[in-house]
Amino acid sequence: DFVAINATTGEALLVIGDYLEWDGKNEHLFILQCKINAYLEGIENGSLYEAYPDAKNRNIVIDIKAKYEPNEAGRIFLERTKKDLSTAGYGLDFTVLKF
């Protein structure tokens, strides 16, 4: 949803604002997966760096800010995705914001 530079770590954060509830049909999970894949495509095809040149030569972290705790399927998805992104050289953070 937006790109920021972490002032402490220098990482480029690709921030996803996640306001959807987790459901038994896993529609939320699918939507989140599509968004993450779109971010990865932007990294790999260079469009991220064209739009946000400050992100060049920085570690990339997809930073999900959520309204709701994930269900079991969501937790499994996030754990696997974090592992896969780490293998590819990227990070994944997931935080539930308290309102």
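**Thr81 and its surroundings**

Leaving aside its neighbours within four places in sequence, Thr81 touches Ile36 and Leu92, where contact means heavy atoms within 4.5 Å. Before going on, two remarks on the source. This is a predicted model, in which local features need pLDDT of at least 70 and side-chain atom pairs count only at pLDDT 80 or more, while totals for chains, interfaces and linings use all residues. Residues are numbered from 1 along each chain as its sequence is written, and side-chain values use heavy atoms, with hydrogens and water left out.

Back to Thr81, which sits in helix H3. Helices (H or I, at least four residues) and strands (E, at least two) are DSSP runs, numbered from the N terminus. Is Thr81 buried or exposed? Thr81 is buried, because its relative accessible area is 11%; buried means under 20%, exposed over 50%, and partly exposed in between, with a 1.4 Å probe and protein chains only.

Now Leu92, one of the two partners of Thr81. Leu92 belongs to strand E4 and is buried, at a relative accessible area of 5%. Setting aside neighbours within four places in sequence, its contacts are Val61, Ile62, Ile64, Leu78, Thr81, Lys82 and Leu85. By comparison, Leu92 and Ile76 are 16 residues apart in sequence, and their C-alpha atoms are 14 Å apart in space.

Next, the helix pair.

The axes of H1 and helix H3 (residues 72–87) come within 11 Å and cross at roughly 15°. Axes here are lines fitted to C-alpha atoms, for helices over the stretch in contact, and angles run from 0 to 180 degrees between N-to-C directions. The crossing angle therefore makes H1 roughly parallel to H3. The cut-offs are under 35 degrees for roughly parallel, over 145 for roughly antiparallel, 65 to 115 for roughly perpendicular, and oblique for the rest.

Which residues make the contact? From H1 they are Leu29, Leu32, Gln33, Ile36 and Leu40, and from H3 they are Ala73, Gly74, Phe77, Leu78, Thr81 and Leu85. By class, that is eight nonpolar, three polar and no charged residues. Ala, Val, Leu, Ile, Met, Phe, Trp, Tyr, Cys and Pro count as nonpolar, Asp, Glu, Lys and Arg as charged, and the others, Gly among them, as polar.

On to the aromatics. How many aromatic pairs does the structure hold? There is one. Trp22 and Phe94 form it, edge-to-face, at 6.4 Å centre to centre and 65° between the planes. Rings of Phe, Tyr and Trp (its six-membered ring) pair if their centres lie within 6.5 Å; planes under 30 degrees apart are stacked, over 60 edge-to-face, and the rest tilted. The pair links distant parts of the chain, 72 residues apart: Trp22 is in the loop between strand E2 (12–18) and helix H1 (27–44), and Phe94 is in strand E4 (residues 91–96). Trp22 is buried at 13%, whereas Phe94 is partly exposed at 25% relative accessibility.

Last, two asparagines. Asn26 is also in the loop between E2 and H1, and its phi is near 65°, a positive value in a residue other than glycine. Asn26 is partly exposed, at 30% relative accessibility. Asn57 lies in the loop between helix H2 (47–51) and strand E3 (60–66). Its phi is near 60°, again positive in a residue other than glycine, and Asn57 is exposed, with a relative accessible area of 84%.
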